[in-house]
Amino acid sequence: MSRSHSSKRYPIPFDLHPYLVKNGWEFIDDIIWQKPDYSVKNRIGEFMQRRKPLDYKPNAVTEYLMVYRKETNKLIDWNIRSYDKETIQASRVPNGFETTNVWKIEPCFDKIHSAVFPAELCKRVIQYYSFKGDLIFDPFAGSVTVGETARALGRKFFLTEKEATYFEYMKSKEKPCLFEKEATKFLTLNEFIESTLNLSTGGIN
Ligand SMILES: C[S@@+](CC[C@H](N)C(=O)[O-])C[C@H]1O[C@@H](n2cnc3c(N)ncnc32)[C@H](O)[C@@H]1O
């Protein structure tokens, strides 16, 4: 906020992990997105001059992308066998795939949202961890790059976002496509809860 405030970092993935597991999600992988030094906030400047211990604040060039699936006692192989041949063929991961969990990708910027995922990051994670037709859930939708990439790669998506400004932003970005079987639905939390109640009582939505 100002020079009199300390520049604290917050370990979001570590904080969220126990909640996700408690709510029926199984951890699969942590992908480390590595950004170029020049693209991140400079935190090390002061330390470089004074070299005082505790003043050390490295430039944070990485972000975690955590991959989970719905908890199941089935093996991944069982999952793979449940797809038909055409889907397996159409979902084959192209050459040039990542071989470690550290992925170097240039960041991208957006006029409205301050923390956008690059499409390339979303593309890789969706191609490596899902088949065509699968449902991708991004609980922190933001500028919806995950949703847009999922759609472009033939996957379905379910997104949640808590900030009304970004919810309106994603609505404004939607361009209805005549060839889509189903239009994207945008629901407030109350509308969503109501729609699930309608479904469970056999109502039509
Ligand atoms: C880094 S952005 C996500 C980028 C995004 N996944 C993309 O595809 O570009 C994180 C977003 O999570 C949202 N967020 C934070 N806490 C949330 C919560 N509890 N529920 C839903 N959204 C939340 C923030 O408002 C922000 O827009």
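These are my notes on what I looked up in a predicted model.

**Entry 1: the three-stranded sheet.** I began with the open sheet, which has three strands in the order S2-S1-S3 and mixed pairing. S2 and S3 (102–104) are the edge strands, each pairing on one side only. Neighbouring strands here are turned against each other by 30° on average, direction ignored. I then looked at one pair: S1 (residues 25–34) and S2 run antiparallel and are joined by nine bridges. In this pair I found Asp-30 of S1 opposite Met-66 in S2.

**Entry 2: helices on the sheet.** Which strands does helix H1 touch? H1 (residues 12–22) packs on the sheet and touches S1 and S2. The direction of H1 makes about 160° with that of S1. H5 also packs on this sheet, where it touches S1, S2 and S3. I noted about 30° between the direction of H5 and that of S2.

**Entry 3: the β-α-β unit.** Next I followed the chain through S4, helix H6 (residues 145–152) and S5, which make a right-handed β-α-β unit. S4 (residues 135–138) and S5 (residues 156–159) run parallel, with four bridges between them. Leu-135 is opposite Lys-156 in S5. I listed the buried residues of H6: Thr-145, Val-146, Gly-147, Thr-149 and Ala-150. They pack against helix H5 (119–129), S4 and S5. Just after H6 I came to Gly-154, with a positive phi of about 75°.

Entry 4: Most residues other than glycine have a negative phi. Leu-54 has a phi near 75° and is placed in the loop between helix H2 (45–50) and strand S2 (62–70). Val-144 has a phi near 60° and is placed in the loop between S4 and H6. Is each of these residues buried or exposed? Leu-54 counts as exposed because it has 6 C-beta neighbours inside 10 Å, and the cut-off for exposed is 12 or fewer. Val-144 is buried because 26 other C-beta atoms lie within 10 Å, where 20 or more are needed.

**Entry 5: around the ligand.** Which residues come nearest to the ligand? Of the 17 residues around it, I noted Ala-115, Phe-117, Phe-140, Gly-142 and Thr-145 as the nearest. Thr-145 is also one of the buried residues of H6. I sorted the shell around the ligand by type and got nine nonpolar residues, four polar and four charged.

Note on methods: Residues are numbered from 1 along each chain as its sequence is written. This is a predicted model: local features need pLDDT of at least 70, side-chain atom pairs count only at pLDDT 80 or more; totals for chains, interfaces and linings use all residues. A residue is near a molecule or strand if its C-beta atom, placed from the backbone, lies within 6 Å of it. Ala, Val, Leu, Ile, Met, Phe, Trp, Tyr, Cys and Pro count as nonpolar, Asp, Glu, Lys and Arg as charged, and the others, Gly among them, as polar. Two strands pair if DSSP finds at least two bridges between them. Helices (H or I, at least four residues) and strands (E, at least two) are DSSP runs, numbered from the N terminus. A crossover is right-handed if, with the strands pointing away from the viewer, the path from the first strand over the helix to the second runs clockwise. Two residues are in contact if their C-beta atoms, placed from the backbone, lie within 7 Å. Axes are lines fitted to C-alpha atoms, for helices over the stretch in contact, and angles run from 0 to 180 degrees between N-to-C directions.
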